[in-house]
Amino acid sequence: RILDVNPYLLNLLGYARDEYLEKQLWETDIFSIDDSNILLDALQIQDHVRYEWVVLTARDGRRIDVELAANAYEIDGDRLIQCCIRDVSEYRKQEIRTRKSNAWLQTIRHIHDVLLTTSDEAELFRCVCQALMEQEHVVAVWIGLKMPDFSITPIGWAGFDEATVAGFDAHWDVTGSTFGV
């Protein structure tokens, strides 16, 4: 059962202190039952556990990335657990941005290498589409030329077969956005 709650955690999650006192961890809404069982099972085996990416759910439904460190102690024959939770939401967002930036840099580097080694224009466009497909984890990518009649002619693709590309009916409007694909 929960004996005390840090005011910082209560504020972060939007709960009042009395909503947690005397409850079991799995009776709260901040952890999934599976997550709380994993934590409690681990603390039966060892006296300290640390999880870098735990997602807590706030009262308003927000999901908050936290780092959780828990220690188990024996005091007067009772096993007590102390949990320290640190909000890592901003760190997590920055880490995701950094990973995406690094992935884009790798894709740009790959395209640069293709530009230096490929003399065939169709192969160049195919390689660029393949690189973008892998970067964005999508099943197909195509690029095309805007034509004076407002149509778009595919000039490179990856993940599509020739017949599919031949059936494209893409157009652009005066603002430059595509439609009709």
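Two strands count as paired if DSSP finds at least two bridges between them. The views below are taken from a predicted model.

**View 1. The three-stranded open sheet.** The strands of this sheet follow the order β1-β2-β3 and pair in the antiparallel sense. The edge positions belong to β1 (48–57) and β3 (78–87); each has a single partner strand, so one side of each is left without a neighbour in the sheet. From one strand to the next, the twist averages 30°.

**View 2. Pairing of β1 with β2.** Strand β2 covers residues 63–75 and is joined to β1 over eight bridges, in the antiparallel sense. Strands of a sheet pair through backbone hydrogen bonds, either parallel or antiparallel.

**View 3. A nonpolar surface patch.** The patch consists of Trp-104, Leu-105 and Ile-108. Together these three residues have about 310 Å² of accessible area. Ile-108 lies in helix α3, which spans residues 89–117.

**View 4. The Trp-142 and Phe-168 rings.** The model has three aromatic pairs. In the pair of Trp-142 and Phe-168, the ring centres are 5.1 Å apart and the planes meet at 50°; the pair is therefore tilted, since only planes under 30 degrees apart count as stacked and those over 60 as edge-to-face. The two residues are 26 residues apart and link distant parts of the chain: Trp-142 is in strand β4 (residues 141–146), and Phe-168 is in the loop between α5 (162–166) and β6 (170–172). With a relative accessible area of 21%, Trp-142 is partly exposed.

**View 5. The Phe-150 and Trp-172 rings.** This aromatic pair is also described as tilted, with 4.8 Å centre to centre and 40° between the planes. Phe-150 is in the loop between β4 and β5 (151–158), whereas Trp-172 is in strand β6; the pair links distant parts of the chain, 22 residues apart. Phe-150 has a relative accessible area of 36% and is partly exposed. Trp-172 is buried, because its relative accessible area is 15% and the cut-off for buried is under 20%.

**View 6. The aromatic cluster.** One aromatic cluster is formed by Trp-142, Phe-160 and Phe-168. Among its members are the two residues of the tilted pair with centres 5.1 Å apart, Trp-142 and Phe-168.

Conventions:
Residues numbered from 1 in each chain as written. Predicted model: local features only at pLDDT ≥ 70, side-chain atom pairs only at ≥ 80, totals over all residues. Heavy atoms only, no water. Helix = DSSP H or I, 4+ residues; strand = E, 2+ residues; numbered from the N terminus. Axes fitted to C-alpha atoms, helices over the stretch in contact; angles between N-to-C directions. Patch = residues over 30% accessible without salt bridge, like charges linked within 9 Å, V, L, I, M, F, W, Y side chains within 5 Å. Areas by Shrake-Rupley, 256 points an atom, 1.4 Å probe, with all protein chains shown as cover. Salt bridge = Lys/Arg side-chain N within 4 Å of Asp/Glu carboxyl O. Phe/Tyr/Trp six-rings, centres within 6.5 Å; stacked < 30°, edge-to-face > 60°. Buried < 20%, exposed > 50% of the residue type's maximum accessible area, 1.4 Å probe, protein only.
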